[in-house]
Amino acid sequence: MGKTVALLVAAGTGSRAGGDTPKQYREIAGRPLLAHAVDHLRHPRIDAVQVVIGAGQDEAYRAAVGDRALPSPILGGATRRMSVRNGLEALAGAERVLIHDAARPFLPAAVIDRLLSALDTHDGAVPALPVTDTLARADGEPVPRDGLVRVQTPQAFQLDAIRRAHAAWTGGEASDDAQIARAAGLRVATVEGDPALEKLTFDADFRRAEAALLGPRVGFGFDVHAFAAGRELWLGGVRIAHDKGLAGHSDADVVLHALTDAILGALGAGDIGDHFPPSDPQWRGAASSLFLEHARDLVAQAGGRIAHADVTIICEAPRIGPYRDSMRARIAALLRLPPARISIKATTTERLGFAGRGEGIAAQAVATLRLPEDQ
């Protein structure tokens, strides 16, 4: 089996993605798109990665690839087809080539395997996905989708065959390299593609890709209050029978305070003191459910949703078990979630520290959110 080279085309300007930076150099999760694309071409059956860049992009290219061991980039042309042809002509010592676009950076290894296996019996191979949406012309006239697929890259070819096909092409700018190959009479197989190969074109595509890499938002909250005589004890929005309550400016519901901070933290919206300063007399004795509802509404205003909440209550007394279900139901109602999305746990400190001495109660909470760009 001969040498296989991945030809990574990254010579465009990417203007539809917005901004002044070509999209292949725009960062996703702290790394340029081009770096993600190069790293996803690291595969046991790929011997080398050759990048094609645009004029004047040398400095941006060097910053993007860093210390990755790559050959010097090839200068592309005015169109994608010309950039591919320049790249193909510059390759030496290879028998097979994977022509790939940097705008599809998250290439699964399984797609590479399917493409290269198809080259054992074909001149070329392309990944594709079935069309599932209804198709229509601009005037609303539906178009039958039977037999239609969405073609992706990389597209794999026997190198000499695709070189000859590009040299013989006279049809102007082609839709992809498979079109050029088929026009030259090459046998091109279709293999299963992958949704991870969706092309990044617009700003929203970049936000979704980053969210997929980074995952949902998670916030952590912690609060503690000392016991005080003559006050009611509220935990998780539920009044608890106990000989003492908790000291605080509001009703001192340590559970709802911790959970409010967790939600605000996941949202990147500060903490409970920023929104409800203890120096403000209007919050004296206020029900902490107001604070939690405020945090919930901030998430909704951002177009997001709360996915899950988990709280641990730390105390020697009172016993939390008899009230756990009531707390879950109350918090679920406040957050407008099913109770199954709320977890309430309790633990002790084995009589160590302030909680172990029965001086107060602490709570820690974790909240998981999803915002529109995380979908």
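**Exercise 1.** Locate glycine 93 and state whether this residue is buried or exposed.

Solution. Glycine 93 lies in the loop that joins helix 3 (80-90) to strand 6 (96-101); helices (H or I, at least four residues) and strands (E, at least two) are DSSP runs, numbered from the N terminus. The model is predicted: local features need pLDDT of at least 70, side-chain atom pairs count only at pLDDT 80 or more, and totals for chains, interfaces and linings use all residues. Residues are numbered from 1 along each chain as its sequence is written, and side-chain values use heavy atoms, with hydrogens and water left out. The relative accessible area of glycine 93 is 67%, so the residue is exposed (buried is under 20%, exposed over 50%, partly exposed in between; 1.4 Å probe, protein chains only).

**Exercise 2.** Describe how helix 8 passes helix 11.

Solution. The axes of helix 8 (residues 254-267) and helix 11 (residues 324-335) come within 13 Å and cross at roughly 40 degrees (axes are lines fitted to C-alpha atoms, for helices over the stretch in contact; angles run from 0 to 180 degrees between N-to-C directions). Next, the contact (heavy atoms within 4.5 Å) is made by Val255, Leu256, Leu259 and Ile263 of helix 8 and Ile331, Leu334 and Leu335 of helix 11.

The crossing is right-handed (the near helix is turned clockwise from the far one by less than a right angle).

**Exercise 3.** Give the strand order of the open sheet and its edge strands.

Solution. The order is 16-13-19-17-18, with mixed pairing (two strands pair if DSSP finds at least two bridges between them). Strand 16 (245-246) and strand 18 (342-347) are the edges, each pairing on one side only.
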